[in-house]
Amino acid sequence: MARYFDVHPDNPQRRSILQVVELLRQDGLIAYPTDSCFALGCQLGNREGIDRIRQIRQLDDRHHFTLVCQDFAQLGQFVYVDNDVFRAIKAVTPGSYTFILPATKEVPRRMQHAKKKTVGVRIPDHTVAQALLAELGEPLLSSTLLLPDQDEPMTQGWEIKERLDNVIDAVIDSGECGTIPTTVIDFSQGEPEIVREGAGDLSRFS
């Protein structure tokens, strides 16, 4: 059964956040809120966690997993970013964007795109997600919580708990989440290529 954490959206209780981080460090898989919609997340080195996300979402090896980072210092350890791309990304983060970039050696091969050797990265503008990342001290390997039989992500923590009770370890609920996933922009070739139009404003990249 998944543990359920009711967390304040603006002042997340540190005790709850620490308990979730402990679950993550024990190879747990969680559902947590972001500034776009709920996401599934686990630690970077959690091989079983990656497999569980693939299973829940029925993903193939072309799927781009995302590293949800606390800040730019963390993001820079996992992807190669030149100065022009850095400035473009810096201007819109934190925010509802995912950027696809070439992965460094710090990124496990299993979570890189099979052919391109790229990975998604983002810095969320969400108090609870940021509190979680601060305590964890490393990025969360994540994927939007969109189930194969659904057109839109679930927005309620209790609904996720009910549906995924036996396949995840915890749900963090800080109130209703959105249904629009992040805007995805591929910078792996240097120029911005819009992969998915989502919650992030596209005007800066058009």
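Predicted model: local features only at pLDDT ≥ 70, side-chain atom pairs only at ≥ 80, totals over all residues.
**Sheet, helices and cores**

Biologist: What makes β2 and β3 a pair?

Modeller: A pair needs at least two bridges found by DSSP, and 3 bridges join β2 (residues 30–32) to β3 (residues 39–43), so the two strands pair. They run antiparallel, and Ala31 stands opposite Leu40 in β3.

Biologist: Why are β1 and β10 called edge strands?

Modeller: The open sheet has 10 strands in the order β1-β8-β2-β3-β7-β4-β6-β5-β9-β10, with mixed pairing. β1 (3–6) and β10 (193–196) each have a single partner strand, so one side of each lacks a neighbour in the sheet. From one strand to the next, the twist averages 30 degrees.

Biologist: How many helices and strands are there, and what counts as one?

Modeller: There are 6 helices and 10 strands in the protein chain, counted as DSSP runs numbered from the N terminus: H or I over at least four residues for helices, E over at least two for strands.

Biologist: Why is the chain called as compact as a globular protein of its length?

Modeller: The radius of gyration, taken over C-alpha atoms, is set against a globule rule of 2.2 Å times the number of residues to the power 0.38. The chain has 16 Å, close to the 17 Å given by that rule for 206 residues, so the description holds.

Biologist: What makes a set of residues a nonpolar core, and which residues have the most contacts inside the largest one?

Modeller: The set holds buried Ala, Val, Leu, Ile, Met, Phe, Trp, Tyr and Cys residues joined through side-chain atoms within 4.5 Å; buried means under 20% relative accessible area with a 1.4 Å probe, protein chains only. The largest core has 42 residues, and those with the most contacts inside it are Leu67, Phe99, Met111, Leu145, Ile160 and Ile168. Elements giving two or more residues to this core include β3 and α6. Apart from it lies another core of 19 residues, among them Val20 and Leu140.

Notes. Residues numbered from 1 in each chain as written. Heavy atoms only, no water. Axes fitted to C-alpha atoms, helices over the stretch in contact; angles between N-to-C directions. Buried < 20%, exposed > 50% of the residue type's maximum accessible area, 1.4 Å probe, protein only.
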